[in-house]
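Dear colleague,

Please find below the structure for your review. A summary of what was computed from the atoms follows directly after it.

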Amino acid sequence: MSTITPHKLGVHKILKHIPLNAIFDAPSKRRLAKAVNIADLRLCAKQRAHKMVFDYLDAGADDEISLRRGKDAYSELEMHYKILAGLKPPIDMRTKIFGEDVKLPFFGCPTAGNRMFHWEGETAAAKAAQHHGSLYGLSSLATTGIAEIGELHKGPKVFQLYVWKDRELVKEVIAKAKEGGFNALALTVDFTWYGNRERDIRNDFSIPPKYSIAQVVEAISKPAWTYDFLSHEPYTYACINTDVPADSLAAFVNSQIAPEFNWDDAEWLLGEWNGPAAVKGVVRPDDAVRAVKTGFSTMWVSNHGARQLETSPATIDVLPSIREAVGPDVEIIMDGGVQRGTDIAKALALGADSVGVGKPYLYGLAAGGSDGVIKALDILKVELDRAMGLLGVGSVDQLKKEGPSLIKRRHASARDYPDRYAHERGYGGGVI
């Protein structure tokens, strides 16, 4: 017997005509206006979102060691700035990603199920990317359709794809992506098993909520998120099948993940796509070399936000070895652990052509929809501008060219983490 839920009873059809969102969201908007960095946005998201949803966004795998290391690694890199560089503002942040011109060297990574965090979902991230002139990345498990995103974001777009068993489904999805104006494909290769995310287990995470007493009590304490959820249509994984609700489709997606997917399958996929393509999930130089030989144009250095294999390496640590392995002409994207504009500057200096951010913009989304995502990108843009100016480099090209002389590794010490409240601000992932 299927569970009776508010959406099955049609509650959302009534609530959508009762505009209480502004009232419930007023405290969230005030908090958002006061946020000055990504750590602040994290706290804003935590205060607005259901605990089950926030922890899904905030968590890593197992003991969250990789999650903490991914942030800590940037603290071990010092910035040896040049003086009297004679720079004339503004800093030139323009670059190319997948061969397309963009105004920022960083962008929001493709992430699944954005409507879980805020009713605007992927449309908020697409609007923010359009606002900033940055690349937009859409997950194949998005809750907004390809065509809708294409209408909102006219610039360069990358479509992310998992390793699925059904080749006909793969061909259908990538055909939709091409038709929707996506000029690049990213194949995620570090998701052949589902990571052990223990916060989700403790919270009894499910889509939709199971309406247990604990979840209902938590929902009452987070009225802005709850009213959003109850007053809008139930979301679907819109890039695959808009007729199947997300909770039903989840089992189908799990059945489609193909651990047996190999290099031959990747070569087949590249032939079907026939365009710029990244392999997402690279942490080893030998895999990067093989990916280039297979035909991938771009190496995407990533450990899936430290949500998959525990004690996988910090991506900033392996980035230089991958750049050395593939040479200067192969495009490299890196994501993982980025919380500051200085982190982006360090990645660009050590071999990345561009940097993906996930949690930072999702904190903004959960905190305040489009306004929150725009603010997250604004914060990182201002911080990166300042970092580059103080380093003494006037453009992204100059930063990449002179980077190895500007960034030096040092041994970590207690002085890197100066106050006991860092944990509360999310430093280290907020381990329970």
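The lining of the second largest pocket comprises 15 nonpolar, eight polar and three charged residues. In this classification Ala, Val, Leu, Ile, Met, Phe, Trp, Tyr, Cys and Pro are nonpolar, Asp, Glu, Lys and Arg are charged, and the others, Gly among them, are polar. The model is a predicted one, in which local features need pLDDT of at least 70 and side-chain atom pairs count only at pLDDT 80 or more, while totals for chains, interfaces and linings use all residues. Residues are numbered from 1 along each chain as its sequence is written, and side-chain values use heavy atoms, with hydrogens and water left out.

Pocket and cavities

The volume of the second largest pocket is about 630 Å³. Among its 26 lining residues, Val 189, Asp 190, Thr 192, Gly 281 and Asp 287 are the closest to its centre. Helix 13 (263–273), strand 8 (277–282) and helix 14 (285–294) each contribute at least two lining residues, and strand 8 gives the most, with three. Helices (H or I, at least four residues) and strands (E, at least two) are DSSP runs, numbered from the N terminus.

There are three cavities of 30 Å³ or more. The largest cavity has a volume of about 90 Å³, and its lining has six nonpolar, two polar and three charged residues. Among the lining residues of this cavity are Trp 119, Trp 225, Asp 228 and Glu 233. On a 1 Å grid over the protein atoms alone, a cavity is a set of points where a 1.4 Å probe fits but cannot get out, whereas a pocket is an open set with protein on both sides within 12 Å along at least five of seven lines; lining residues have an atom within 4 Å of a point. Grid points are joined across faces, edges and corners, and a volume is the space filled by probe spheres set on the points.

Salt bridges

The count of salt bridges (a side-chain nitrogen of Lys or Arg within 4 Å of a carboxyl oxygen of Asp or Glu) comes to 25. Lys 280 pairs with Asp 335, with the closest N and O atoms 4.0 Å apart. Because Lys 280 lies in strand 8 and Asp 335 in strand 10 (residues 331–335), this pair ties together parts that are 55 residues apart in sequence. Both Lys 280 and Asp 335 are buried, where buried means under 20% relative accessible area, exposed over 50%, and partly exposed in between (1.4 Å probe, protein chains only).

Salt bridges with shared partners also join Arg 42, Lys 51, Asp 55, Asp 58, Glu 64 and Arg 199 into one network. Within it, the side chains of Asp 55 and Lys 51 meet at 2.9 Å, N to O. These two residues are four apart in helix 4 (residues 51–58), so about one helical turn separates them. Asp 55 is buried, at 4% relative accessible area, whereas Lys 51 is partly exposed, at 38%.

In helix 8 (residues 167–179), Lys 171 and Glu 168 are three residues apart, about one turn of the helix, and their side chains form a salt bridge of 3.2 Å, N to O. Lys 171 is partly exposed at 30%, and Glu 168 is exposed at 53%.

Helix 16

Eight of the nine residues of helix 16 (residues 341–349) are buried, including Asp 343 and Lys 346. Just after this helix, Gly 351 takes a positive phi of about 130°.

Yours sincerely
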